[in-house]
Structures are given as C-alpha cells and as structure tokens.
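Here's a quick briefing to read with the structure open beside you.

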Amino acid sequence: MYVENEKISKYTDARVKLLYQMMLIRRFEEKAAELYSKEKIRGFLHLYVGEEAVAVGVINSLSTDDNILCTYREHGHALVRGISPGAIMAEMYGKKEGCSMGRGGSMHLFDKKIKFFGGNAIVAGHLPVAVGMALAAKKQKKNEITCCFFGEGAAAEGEFHEAMNLAALWQVPVLFVCENNLYAMGTAIRYTHSVVELEKKAPGYGISAATVDGMDVMAVEKAAKEAIEKVRTTVKPFFLVCNTYRFRAHSMFDAELYREKSEVEEWKKRDPIPKLQQSLFNENIVEQRDIDEMNKKVEEEIQRAVDFAEAGTWEPVEEITKFVYSENNA
Amino acid sequence: MDGNNTIKTTYREAIKQAIREAMKKDERVFLMGEDVGRYGGAFAVSKGLLKEFGEDRIMDVPLSESGFVGAGIGASLNGMRPIVEVMTVNFSLLAMDQIVNNAATLLHMSGGQLNVPIVIRISCGIGRQLAAQHSHSWEPLFAHIPGLKVLSAGTHEDARGMLLTALQDPDPVIIFEYTFLLNKEGELAADAGAVNITNAKVRREGKDISIITYGAGVYKALDAAVELAGAGIDAEVVDVRVLRPLDNDTIFNSVRKTHRVLLVEEAWGAVNVSSEISARITENVFYELDAPIQRLGGVEVPIPYPKHLEEAAVPQQNDIVNKVKKMLQHD
Ligand SMILES: Cc1ncc(C[n+]2csc(CCOP(=O)(O)OP(=O)(O)O)c2C)c(N)n1
C-alpha cells in the first residue's frame with residue numbers, strides 16, 4: 001500500500017488510512033485538472049472525483065497477490081495499489097520516469113511488480129483479459145484472485161456478457177466491480193440499459209452479486225471483503241455493483257450538456273470524504289487539527305509528485321520504435 | 001475564388017451541415033451512435049441536432065459497437081438510410097465482424113439480392129496525444145475489404161460533400177473523418193454540397209513531382225508544396241480521397257505529367273494504401289517514371305503518448321519537404 005505508515009501511524013483506527021487515501025486521490029485529481037489547463041498533461045484525462053470510496057474500499061481489501069485491471073479512469077486505483085504519485089504524474093506528463101515510461105499517459109498506467117495491469121481505454125476490453133488471468137491462476141492453483149473494475153457503460157458491451165459467461169462457465173476467481181456512476185460519457189443509464197438494476201444481470205449467468213452504496217467507503221469495504229472472501233473460498237466469479245457518481249466532467253473535453261448542475265450538487269451531499277470525516281469526529285477519533293495536518297501531508301506528497309514529473313526527462317526520439325517487440329527493448 | 005461566393009467554416013461545421021442537409025432531404029436518414037445526442041457528439045459534431053430532429057432521428061446508443069453497427073445494417077436492409085457514427089477507429093474493431101462479415105458480404109452471399117445502403121462515419125487520426133488506443137490511421141484495414149467503399153475526407157469540401165453522395169449509394173460506405181481537423185477553418189463555396197465519390201482529385205497542379213496522399217496528409221502536403229515552391233520546386237498534390245475502389249486514372253495521369261512520385265500517409269508504412277498505389281504505378285506506368293517511387297508512412301509503433309514521439313510517429317510537413325528535395329537533389 002502506498003500510504004506510508006509513518007504519516008498516519010499514530011492513528012490506531014484503520015479508517016484514518018482510508019480517509020487519507022481518499023483525500024490524496026481527491027487532491028491528486030484536482031492537481032491533475034490544474035496541470036491539464038496549464039498544458040502539462042495532454043490527451044484524455046478522466047478524473048475520479050466523487051468515486052474515491054470505491055477504489056479505496058475495494059483495493060484495500062485485496063491482497064498483494066491479487067491482480068487488478070482498470071479502465072482509463074484509474075489514477076485513484078493506481079495510487080491505492082501503490083504506484084507512487086510521482087510515477088503517475090510523470091506518466092501523465094509523458095516523461096520517461098512515468099510508470100509506463102511515458103508511452104501510455106493518463107489512461108494507461110501499469111506496474112507489473114505490484115500486479116497493476118492497467119489502464120485500458122477500450123470500454124470493456126479488459127474484462128475478457130481479467131477472466132483469462134483468473135483462469136491461469138486457477139490452472140496453476142495460485143491463491144490469487146483477479147479484480148476487474150469497469151463502468152456501467154461497459155456492461156452494455158458484448159465483451160461484458162461474454163466475460164461473465166466464460167467466468168461462470170470456467171468457474172474462475174474473478175471479482176467484477178462495476179462502478180455505476182450513472183453516466184457513460186453523456187448518456188444516462190436509463191438510455192443504455194433495459195434493466196438498470198445491474199446486479200440482476202448476474203444470476204442469468206449463474207453468478208452471485210451484491211450492490212453497495214459506493215459513496216460510503218466503509219460499506220464498500222465491508223461488501224468487498226465479503227465478495228473477495230467468496231471468490232477466494234468458492235473459486236467462482238462474483239459481481240459487485242457499487243453505486244456512485246462522478247462529480248466532474250467525463251473528461252476534460254466534456255461540456256456536461258447532459259445533466260443538471262442541481263443533480264451534481266445533490267450527489268455532492270453524499271461526498272464520501274466529509275462523510276467519513278464526520279463519523280471520525282463523532283467518535284472522537286480525529287479532530288479538525290488532525291485533518292489539517294493530513295491535508296498538509298497530502299499537499300506535500302502531491303507537490304513532490306509534481307516536482308518529480310517536472311524534473312523528469314523526455315525519451316529520445318531515436319528510441320521511438322522501442323517496446324514494439326520484446327527483443328529491442330534494451 | 002470570388003469572396004462573395006465562399007464562406008469560412010470549420011471542418012466540424014461542414015460535417016454537421018452535411019448531416020443536417022441529409023436529414024432534411026430524406027426522411028429515411030437517421031443518425032445513431034454513442035453520445036451523438038444528449039452529449040452533443042464526442043467531438044461536438046452533432047451538437048444541437050437532437051433538439052432539431054428529435055430522439056427518433058438522433059439516436060444515442062449504448063456501448064455496443066457490434067450491436068449498433070449490426071442494427072444499422074439491419075435498418076438499411078429494411079428501407080432506412082442510417083448514418084452510423086463510430087466514435088473512433090479504434091472502437092470500430094469491435095464492429096469489424098458486422099462490417100466485414102455482414103455489410104461487405106450480404107450482397108454477394110445473397111446473389112445480389114440484399115444491398116446494404118449504410119453509411120458509417122469513423123473519426124480517426126493522430127495528433128491529439130490520445131495514445132495507443134485512441135489514435136490511429138487504419139484506413140488500409142478497411143480499404144482491404146471488397147464490398148466496401150472507403151472514403152477519406154481530407155478537406156473541408158469533402159467533409160461537407162461526401163456524406164450526401166454516400167447516402168445515395170446502394171452499398172456500404174465508410175467515411176473517415178479526421179479529429180485534428182475539426183477546428184480548422186477553411187473556405188467553402190457558399191453552395192457547397194454533394195461531391196463525386198469515385199475519383200481522386202488533383203488539389204494543386206505542379207510539374208516536378210506528384211505528392212500522392214489522402215486524409216491527414218492532404219493539408220500537410222499542400223503546405224509542403226507551398227514551402228517547396230519557395231525553393232523553386234513545383235509539386236503537384238493528388239488527394240486519393242477514395243481508397244476503395246482506387247481511381248487509377250487520376251493517379252496515372254499525374255505520374256505521366258511529373259514523372260516522380262512521393263506517396264504520403266499516416267498509416268503504418270508496411271501494407272498500406274501507398275503500397276497498393278506504388279504497385280499499380282509500377283505495373284501500369286513504370287516507364288513514365290524518372291526515379292524510384294518513394295514513400296513516407298507511419299513509423300511502425302503503436303502511437304506513443306508524449307507529443308514529441310507522437311509527432312515523430314507520422315510524416316510531418318518537414319519530412320515531406322526534405323524528402324522531395326532529396327528526390328530532386330536540391331539538398
Ligand atoms: C469500445 C469503446 N467504445 C467507446 C469508447 C469511448 N468512451 C470512452 S469512456 C466512455 C463511457 C464509458 O462509460 P462507463 O463504462 O460507464 O465508465 P465511466 O467513464 O463512467 O467510468 C466511452 C463511450 C471507448 N473508449 N471504447
């Protein structure tokens with residue numbers, strides 16, 4: 001886990017770590033937006049603001065042996081899994097020091113060492129891959145599971161249905177986590193799904209499913225732990241639907257013509273960060289002073305990441321054909 | 001051109017006006033694609049059209065490329081004239097089965113009974129730092145398929161006109177549009193409309209060399225030609241436009257005039273449209289050549305994210321200028 005213990009070690013309550021991670025993701029994303037407007041980051045940039053509780057709740061419940069696959073909206077997942085903010089930021093700058101050598105950018109963060117298998121930007125393209133990874137684990141009798149995140153938009157793709165069927169048919173240990181933020185770009189779920197209760201799709205494939213409030217990190221963590229336990233012990237797929245909401249535009253190119261500001265404001269009342277903060281206040285686990293201190297640490301961490309990215313280097317153009325075939329990667 | 005009879009317009013607006021005109025002219029025409037309606041089009045091409053035409057004719061569809069392209073094929077078999085938008089060429093691969101095994105094949109398999117009058121618009125192109133899953137030039141993949149007509153709208157004129165003619169065609173037509181041109185302003189005749197979709201077009205006359213290109217290469221080649229003129233080289237620019245079936249005559253006539261050929265495209269160098277044109281020139285007008293044909297194509301690498309590598313991955317104006325100078329030994 002990235003969040004170094006010393007920062008929050010004085011707190012014995014494990015929830016403080018979850019809070020810190022959500023705060024870190026939130027600020028990281030805000031910083032990314034700022035750097036985008038300064039043209040430091042280019043291409044597509046999809047922010048996770050509002051949805052933090054999902055990645056934090058689920059990924060903290062996985063073991064370091066488990067595989068993770070994500071969409072293009074994956075900075076938060078990468079941070080929680082343990083790619084350093086600097087390596088992610090440098091990747092978004094396109095610098096050689098980035099976690100994918102700068103070749104991928106925001107949508108294609110990879111770190112094989114910690115079993116973070118990207119950053120896929122073809123909607124639902126990674127679902128069959130996740131099933132294959134789980135199949136391989138089963139064949140090799142590894143105790144790992146594979147966790148695959150995707151949006152509700154992806155659940156309309158054929159690849160979702162094919163992956164669900166294969167996973168059930170082969171009985172492989174894969175956890176499908178659907179981050180239902182109600183919109184696929186600008187198209188609301190009611191215009192894309194005949195049945196909007198997504199968990200109902202699972203029984204047709206013989207897969208167990210659960211639904212959880214994705215705006216509540218403790219609820220997500222509980223649901224994820226149960227789901228993971230089931231996948232691990234039964235060696236079968238599971239479908240977990242996290243109902244959540246993205247507070248910001250789909251990407252930096254989105255003018256948000258398709259939803260009312262009031263709807264966004266309504267959802268902001270369910271912001272997972274203040275919610276957890278409040279429970280910790282209520283139980284006297286932290287006070288405002290602690291939050292201020294944590295904010296300061298977040299700020300420092302992000303500044304270090306930006307400095308790291310700024311100091312990064314450009315891969316020489318002469319190396320452009322690297323990474324096409326394994327033999328000339330030297 | 002007479003200033004009074006031309007208008008300034010962006011490439012985006014040209015496509016949009018083509019869609020509007022087509023929808024107004026023919027009740028059977030409708031547009032469907034991901035985010036074409038409420039979002040306003042992934043690249044804002046169809047912004048405002050939902051309001052103007054309603055949701056029966058500007059249809060948002062789920063993320064199901066194979067599904068909705070297949071549905072477009074079905075609708076076209078049954079009396080409609082769908083314009084199906086595929087957000088980017090990368091996602092078109094999810095619909096490749098429908099495009100190749102159905103759209104391109106039904107007429108043949110049915111012994112000529114079932115024609116498929118569908119128009120599929122695909123945006124593509126390199127140059128916006130969208131990395132290896134959102135930017136490519138894959139026109140050659142489609143140009144390979146008999147049964148399809150494959151068009152490349154490298155200019156404002158074609159952005160405005162190709163769609164209208166394509167909708168009159170009885171067979172499946174794929175139109176490639178270039179995202180990095182969307183904001184580019186250009187001059188159009190005030191009455192611009194349907195254009196021919198069978199011939200290549202000489203976009204600039206010249207006598208020293210033929211730069212043969214399409215799509216993203218057209219404006220780059222035209223700019224290069226202006227630069228070359230400054231160095232005393234008179235380059236002709238041929239816009240292939242129709243990648244399948246290729247218009248040999250226009251290409252061969254240009255070769256007969258200039259006797260030198262540089263082929264330029266952004267698609268990967270091996271097995272691309274230039275390979276085919278080069279072979280045809282060699283087979284048919286070899287003795288017109290004063291020098292070996294040369295090609296500039298994309299570097300064989302998935303498109304990298306960083307700007308400097310992305311730029312290096314496809315031929316730029318500079319590369320064209322340098323290559324031409326070298327071919328004419330002006331360096
Ligand atoms: C196969 C494919 N089709 C279309 C797109 C363009 N696109 C990117 S994200 C997106 C919306 C996906 O929505 P969802 O799966 O709900 O995930 P979210 O972005 O909401 O996290 C679309 C249409 C794509 N990347 N891949």
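Predicted model: local features only at pLDDT ≥ 70, side-chain atom pairs only at ≥ 80, totals over all residues.

**Where the ligand sits**
- You'll find the ligand between chains A and B, and it sits in the largest cavity.
- The protein covers 97% of the 580 Å² of accessible area that the ligand has on its own.

**Who surrounds the ligand**
- There are 22 residues around the ligand, and the closest are A:Tyr72, A:Arg73, A:Ala121, A:Gly153 and B:Glu65.
- By type, that shell splits into twelve nonpolar, five polar and five charged residues.

- The side chain of A:Tyr72 has an N or O atom 2.7 Å from an oxygen atom of the ligand.
- From A:Ala121, a backbone N or O atom comes in at 2.8 Å from a nitrogen atom of the ligand.
- A:Tyr183 also uses the backbone: one of its N or O atoms there is 2.9 Å from a ligand oxygen atom.

- Going from B:Arg244 to B:Pro245, the peptide bond is cis, with omega near -10°. B:Pro245 belongs to the loop between β12 (242–244) and α10 (248–258).
- B:Arg241 isn't a glycine, yet its phi is positive, at about 60°. This residue is in the loop between β11 (235–239) and β12, and it is buried, with a relative accessible area of 3%.
- B:His259 also has a positive phi without being a glycine, here about 65°. Look for B:His259 in the loop between α10 and β13 (261–268); it is partly exposed, with a relative accessible area of 23%.

Definitions and conventions
Residues numbered from 1 in each chain as written. Chains lettered and ligands numbered in written order. Heavy atoms only, no water. Helix = DSSP H or I, 4+ residues; strand = E, 2+ residues; numbered from the N terminus. Buried < 20%, exposed > 50% of the residue type's maximum accessible area, 1.4 Å probe, protein only. Near = heavy atom within 4 Å. Polar contact = N/O pair within 3.5 Å; in protein donor to acceptor, adjacent residues only side chain to side chain. Areas by Shrake-Rupley, 256 points an atom, 1.4 Å probe, with all protein chains shown as cover. 1 Å grid on protein atoms, 1.4 Å probe; cavity = no way out; pocket = protein on both sides within 12 Å on 5 of 7 lines; lining within 4 Å. Sits in = over half its atoms within 2 Å of the grid points. Nonpolar A, V, L, I, M, F, W, Y, C, P; charged D, E, K, R; others polar.
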